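User: I am new to protein models and would like to learn how to read their features one at a time. Could you take me through this one?

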Amino acid sequence: MSVLSAIGPRSPAEAKTYAAALLDLLGTQNPLQVLRETADLLHEDLRRIPRPYLDTPEAPGKWSARMVIAHLADIELVGAYHLRLVLAHDRPPLTPLDQDAWADRLHYDKADLQASIDRFTVLRKANLAIVQDASPADLMRVGLHAERGEESLDQMRRLAAGHDLAHLRQLARLRILTTGQ
């Protein structure tokens, strides 16, 4: 199983490994550019996956395109809250989420795909308005993530960009699986 695979709560060591994998995906890319482009790329990928396959996972235990988009919308919501906490409070606690529990209990498999992509797009636009105007001092502000420890706003946006890239890759695999291209 990949270090990027969905699992429940992580130990601090697993969380650091996961964060390092996301940052490796980002590499030297500009995180703001990745964050700006993701909504359009998601729309493009969804147009290229035939409707009958939107609920087809790439393998047993993996998520379908519908579930990935619902997850991204919820992660953007949680990220919006964390972003605002870090900017408005000194060293606030940042609660992680159990993405498998959210997927199960919030019924990602039945999520309205258009509503999920719309929610992601609106939240991303609002979050970008804040992070792209952040001052160098703002980017150094930190929250205390329960799994990963101290995390700056700059680190948060880099992780978000890496997370986007991980799921864009997942959608590309789904597209190739279902269309051969």
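This is a predicted model: local features need pLDDT of at least 70, side-chain atom pairs count only at pLDDT 80 or more; totals for chains, interfaces and linings use all residues.

User: How many residues does helix H3 have, and what span is expected for it?

Analyst: Helices (H or I, at least four residues) and strands (E, at least two) are DSSP runs, numbered from the N terminus, and the expected span of a helix is 1.5 Å times one less than its number of residues. Helix H3, residues 65-88, has 24 residues, and from its first C-alpha to its last it reaches 35 Å, close to the expected 34 Å.

User: Is H3 mostly covered or uncovered?

Analyst: A residue is called buried under 20% relative accessible area, exposed over 50%, and partly exposed in between, using a 1.4 Å probe and protein chains only. In H3, 17 of the 24 residues are buried, and the helix is mostly covered.

User: How many salt bridges does the structure hold, and where are the partners Asp 55 and Arg 66?

Analyst: A salt bridge is a side-chain nitrogen of Lys or Arg within 4 Å of a carboxyl oxygen of Asp or Glu, and the structure holds 10 of them. In one of these, the side chains of Asp 55 and Arg 66 meet at 2.5 Å, N to O. This pair links distant parts of the chain, with Asp 55 in the loop between helix H2 (31-48) and H3 and Arg 66 in helix H3, 11 residues apart. Asp 55 is partly exposed at 41% relative accessible area, whereas Arg 66, at 16%, counts as buried.

User: Where do Asp 154 and Arg 157 lie?

Analyst: Both lie in helix H7 (residues 153-179), 3 residues apart, which is about one turn of the helix, and their side chains meet in a salt bridge of 3.3 Å, N to O. Asp 154 is partly exposed at 25%, while Arg 157 is buried at 14%. Elsewhere, salt bridges that share partners join Glu 76, Arg 124 and Asp 164 into one network.

User: Which residues have the most contacts inside the largest nonpolar core?

Analyst: In soluble globular proteins, nonpolar side chains tend to be buried together. A nonpolar core is a set of buried Ala, Val, Leu, Ile, Met, Phe, Trp, Tyr and Cys residues joined through side-chain atoms within 4.5 Å. The largest one here has 38 residues, and those with the most contacts inside it are Leu 42, Leu 46, Ala 65, Ile 69, Leu 153 and Leu 171. H2, H3, H5 and H7 are the elements that give two or more residues to this core, and its largest share, 10 residues, comes from H3.

User: Which residues lie nearest the centre of the largest cavity?

Analyst: On a 1 Å grid over the protein atoms alone, a cavity is a set of points where a 1.4 Å probe fits but cannot get out, and lining residues have an atom within 4 Å of a point. The largest cavity is lined by 34 residues, of which Ile 75, Gly 79, His 82, Arg 148 and Ala 160 lie nearest its centre. The largest share of this lining, 8 residues, comes from H3.

Terms used:
Residues are numbered from 1 along each chain as its sequence is written. Side-chain values use heavy atoms; hydrogens and water are left out. On a 1 Å grid over the protein atoms alone, a cavity is a set of points where a 1.4 Å probe fits but cannot get out, and a pocket is an open set with protein on both sides within 12 Å along at least five of seven lines; lining residues have an atom within 4 Å of a point.
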